[in-house]
Amino acid sequence: MAKLILKNINKQYDKAVNTNAVTDFNLQVKDGEFIVLVGPSGCGKSTMLRMIAGLEEITSGEFYLDGKLMNDVPPSNRNISMVFQNYALYPHMTVYDNMAFGLKIRKTNKKEIDRRVREAAEILGLQDLLNRKPKALSGGQKQRVALGRAIVREAELFLMDEPLSNLDAKLRFQMRAEIAKLHQRLGTTSIYVTHDQTEAMTMASRIVIMKDGVIQQVGTPKEVYDFP
Ligand code: ADP
Ligand code: ADP
């Protein structure tokens, strides 16, 4: 069975407006795949991701995770973690506490929190920065903390919404490789949203190209970009 089934998903923000943000989106994702949703600004990528996270209601259609219908499951009961473009770190908390926060509110015990935070810090090279506040971090370091906060959840689905778009070109290049390595190591099923075709080509196991809320093409990077 597919890890993720998205069946005829539609999103209409405003019933008075006759256009959909997403129209008849159909996709099945296998366990461990790294899917990249790519397309121009406004094509519905973010909307799709937010519906999967439960931050936005699905107007019609069905979303299954491990065979379970998720449409009406509140975000807090979804074992899904999401990384945003703007990091969304808590400015008054240390790196450690930023990463631990989501586990604390889920009442995970302190020892387990400490194990997971230290493991994530090691994977992301944040060991020496645990006591810093976000304002004392570079852009790349902040984005690593945001990734760390997401991976400590050990969720079964990992959603990333343009996580690199605020970084300069050199850091983007470096973080692309780091995220790919992270995925190799953890193997978590991932959906990554970007408007950047290079990111899509270098990171995806499969690419989904969207335009005006509609899937145009689905395939491996080779199938999608290697024209004969
Ligand atoms: P992308 O992530 O590809 O840039 P979005 O999913 O953000 O695209 O937006 C898709 C469409 O839905 C756009 O036309 C956008 O204006 C519209 N949209 C996005 N969010 C909202 C919202 N909260 N209310 C109304 N329309 C929205
Ligand atoms: P709380 O914030 O809930 O009071 P504690 O401060 O008692 O939690 O810390 C619990 C665990 O988290 C300790 O084992 C400690 O090693 C670790 N810890 C907390 N803050 C930091 C930090 N800034 N850097 C490294 N480890 C930390």
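Which residue in β5 does Tyr64 stand opposite? The legends below describe a predicted model, and the second legend returns to this residue pair.

**View 1. The open sheet of four strands.** The order of the strands across this sheet is β2-β1-β4-β5. Their pairing is antiparallel. Residues 22-29 make up β2, and residues 68-69 make up β5. Strands of a sheet pair through backbone hydrogen bonds, either parallel or antiparallel.

**View 2. Pairing of β4 with β5.** Strand β4 covers residues 60-65. Two bridges join β4 to β5, and the two strands run antiparallel. Tyr64 stands opposite Leu69, a residue of β5.

View 3. The chain contains seven helices and ten strands. Its radius of gyration is 18 Å, close to the 17 Å that the globule rule gives for 228 residues, so the chain is as compact as a globular protein of that length. The C-alpha trace spans about 50 × 40 × 35 Å along its principal axes. Of the contacts between residues at least 6 apart in sequence, 68% join residues at least 24 apart.

**View 4. Surface and charge.** Of the 228 residues, 50% count as buried. The accessible surface of the chain is about 11500 Å², and carbon and sulfur atoms account for 49% of this area. There are 32 positive and 26 negative side chains. The centres of these two sets lie 6 Å apart.

Definitions and conventions. Residues are numbered from 1 along each chain as its sequence is written. Chains are lettered from A and ligands numbered from 1 in the order in which they are written. This is a predicted model: local features need pLDDT of at least 70, side-chain atom pairs count only at pLDDT 80 or more; totals for chains, interfaces and linings use all residues. Side-chain values use heavy atoms; hydrogens and water are left out. The radius of gyration is taken over C-alpha atoms; the globule rule is 2.2 Å times the number of residues to the power 0.38. Buried means under 20% relative accessible area, exposed over 50%, partly exposed in between (1.4 Å probe, protein chains only). Contact means heavy atoms within 4.5 Å. Accessible areas come from the Shrake-Rupley method with a 1.4 Å probe; for residues, only the protein chains shown count as cover. Lys and Arg count as positive and Asp and Glu as negative; His and the chain ends are not counted. The place of a charge is taken as NZ of Lys, CZ of Arg, CG of Asp or CD of Glu. Two strands pair if DSSP finds at least two bridges between them.
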